[in-house]
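Here is a friendly walk through a two-chain model, taken one topic at a time. Please keep the structure open beside the text as you read.

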Amino acid sequence: MTQPPLTLSQRLGWGLLGVTLLLGLWTLLTATGFVPQQFLPSPLEVATRFTTLLTSPFAGATLPVHLASSFQRYAYGVVLAAAIGIPLGLLMGWFRLLDDIVTPIFDALRFIAPIAWVPLAALWFGTGMGGPVMIIFAGAFPPCLINAYRGARFVEPRLIEAARMLGTGHIRMILEILLPAAVPSIIAGLRVSAGLGWQSLVGAELIVAAAGVGFMMVQAQGSVQTATVMSGMIAIGVVGMAIDVALRQGEGWLRRRRGLES
Amino acid sequence: MVGRRAGIGLATVASVGVTWWLLTSVTGIVDSARFPSPAEFGVSLNQILTRGYAGAGLAQHAVHSLKLVVMGFAVAVFTGIPLGLWMGWDRRVEACVNPIFLVIRPIPPLAWIPLAILWLGLGDAAKIMVIWFAAFVPSVINAFAGVRNIDRPIIEAARMLGTPRWRMVREIIAPAAAPMIFTGLRLSLQASWTTLVAAELVGALVGLGFILNMAQQDIYPGMILVGMVAVGILGWATTWLLGQAEHRALAWNVAARD
């Protein structure tokens, strides 16, 4: 802060140092036999295991198939959360009575960690598709609702007054005034939802599922295959990052489009 | 206005309660095998309070979970905030640590649970490790952002007056970054609870997550609900405590600045 910003080469140098230190320590610990291989496999072993998993099945399927089944549940859960959370948030932003009714219920439920819904979800919807989808929904729903609500609530009052003076009805008011004004906030909420949903998916699969990456990791843990567990972690990280990048792209695209329109 | 809101809120809570009773006890539309009736909830609560469930009473489970959350949270905060402050202070440290963060951050904390169990077993240490992982990142990022957002003239002025290093951290950096740090702490606390419940559901011998796990296996909806309510109440209580701490710390801050 009191230093001048680093040049690009300095940044790269220090960054490289950090990563090298981490990888070096990891390699050193494993190569010297200080840490048993069963406990912490070397980076090379993890990489080999990862590529093997791409083609040969573990716990009933190859890694891409596990990922696909995870992603399907994830997509259902997040889409459901957005489809219910965003309209409800907008309605709450417009109808004060609805706000007063939903907010206390929502506040009471908010403190229950999404993962704590697992037993009920398993009881209600089974462990195949429905249960995990409900957990993802529980994780992804709050940011959708809160951000749509805040976005609608903090629309510039002048816009609402002007629309009201022109005799705009409730539905048009929500669709044409509140929704467009709330879009940036909604998108920000969606990104948070996507992250929390992915996290909830992993949790749900670790506990109840019979397929998916989380299930694969639990199976690997049971048979002490550390390299497989770590491969699962890498796959989860990569897909999670890809989801975030995709949403960020979408956000940028929407910004540009709105910029051109207005 | 406040009266109206509170009135509608109370009416809502009351009608949710009545609906719950009507659906489960009076009409039986909701099967008690799927969701417990108020009476069953009471029976389960009574059972765990008097005779215990899953090897211990409710208080024992709750205290154990609370202890783990507090320990994991404390370790994360005491390692995360200094690292964040340091990263904010020294750009070289930031450049060094950032790439590691970029690699590790996309992996959700819950994905560390199997590895933690492999390394440390089903005991407390594995849970503390996972909570530490979950709560560490928000602490670091917010402390870092807090330092970066300090007005440069303040630091330059302090430096010109020859403020020694430790006084600089204690009297300038930490207070100025405090609001951001508390935002990070709240996120950390939330993450701690989520991770703990997940870790205890995956494997534990005592704790609120273990109650949920056993109740799920016994198909005992009343006890599931007891576990969920306990998780909610403890989550609320710790958040409230943190809010009080924030209120005090920041009130002092404003007073000192004025």
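## A kinked helix in chain B

Let us begin with helix α8 of chain B, residues 165-202. Where does α8(B) kink? Look at B:Ala178: a kink of about 60° lies there, shortly before the proline B:Pro179. Please bear in mind that this is a predicted model, and that the angles and distances here are computed from it.

## Two helices in chain A

With 38 residues, α7(A) would reach 56 Å if it were straight at 1.5 Å a residue, but its end C-alpha atoms are only 44 Å apart. The kink in α7(A) is at A:Val183 and amounts to about 55°.

Helix α4 of chain A, residues 96-110, is worth a look next. How far apart should its ends be? At 1.5 Å a residue, its 15 residues should span 21 Å, and the end C-alpha atoms, 20 Å apart, agree with that. α4(A) does bend by about 30° at A:Val102, with the proline A:Pro104 following within four residues.

## How helices pack

Two packed helices are described by the angle between their axes and the distance between the axes. In chain B, helix α3 (residues 58-89) packs against helix α6 (residues 124-148) at an angle of about 30°, and their axes are 6 Å apart. The crossing of α3(B) and α6(B) is right-handed. Sorted by class, the residues of this contact are 22 nonpolar, 8 polar and 3 charged.

The contact of α3(A) with α7(A) comprises 18 nonpolar, 6 polar and 2 charged residues.

## The overall form of each chain

Stepping back to whole chains, chain B has 10 helices and 0 strands. Is chain B compact or spread out? Its radius of gyration is 23 Å, well over the 18 Å that the globule rule gives for 258 residues, so chain B is more spread out than a compact globule. Along the principal axes, the C-alpha trace of chain B spans about 75 × 55 × 30 Å.

Chain A has 9 helices and 0 strands. Its radius of gyration is 23 Å, while a compact globule of 262 residues would have one near 18 Å. The C-alpha trace of chain A spans about 75 × 60 × 30 Å along its principal axes.

## Where the chains meet

How many residues do the two chains bring into contact? Chain B contributes 53 residues and chain A contributes 49. On the side of chain B that touches chain A, 36 residues are nonpolar, 9 are polar and 8 are charged.

Terms used. Residues are numbered from 1 along each chain as its sequence is written. Chains are lettered from A and ligands numbered from 1 in the order in which they are written. This is a predicted model: local features need pLDDT of at least 70, side-chain atom pairs count only at pLDDT 80 or more; totals for chains, interfaces and linings use all residues. The expected span of a helix is 1.5 Å times one less than its number of residues. The bend at a residue is the angle between axes fitted to the seven residues ending there and the seven starting there. Two residues are in contact if their C-beta atoms, placed from the backbone, lie within 7 Å. Ala, Val, Leu, Ile, Met, Phe, Trp, Tyr, Cys and Pro count as nonpolar, Asp, Glu, Lys and Arg as charged, and the others, Gly among them, as polar. Axes are lines fitted to C-alpha atoms, for helices over the stretch in contact, and angles run from 0 to 180 degrees between N-to-C directions. A crossing is left-handed if the near helix is turned anticlockwise from the far one by less than a right angle, and right-handed if clockwise. The radius of gyration is taken over C-alpha atoms; the globule rule is 2.2 Å times the number of residues to the power 0.38.
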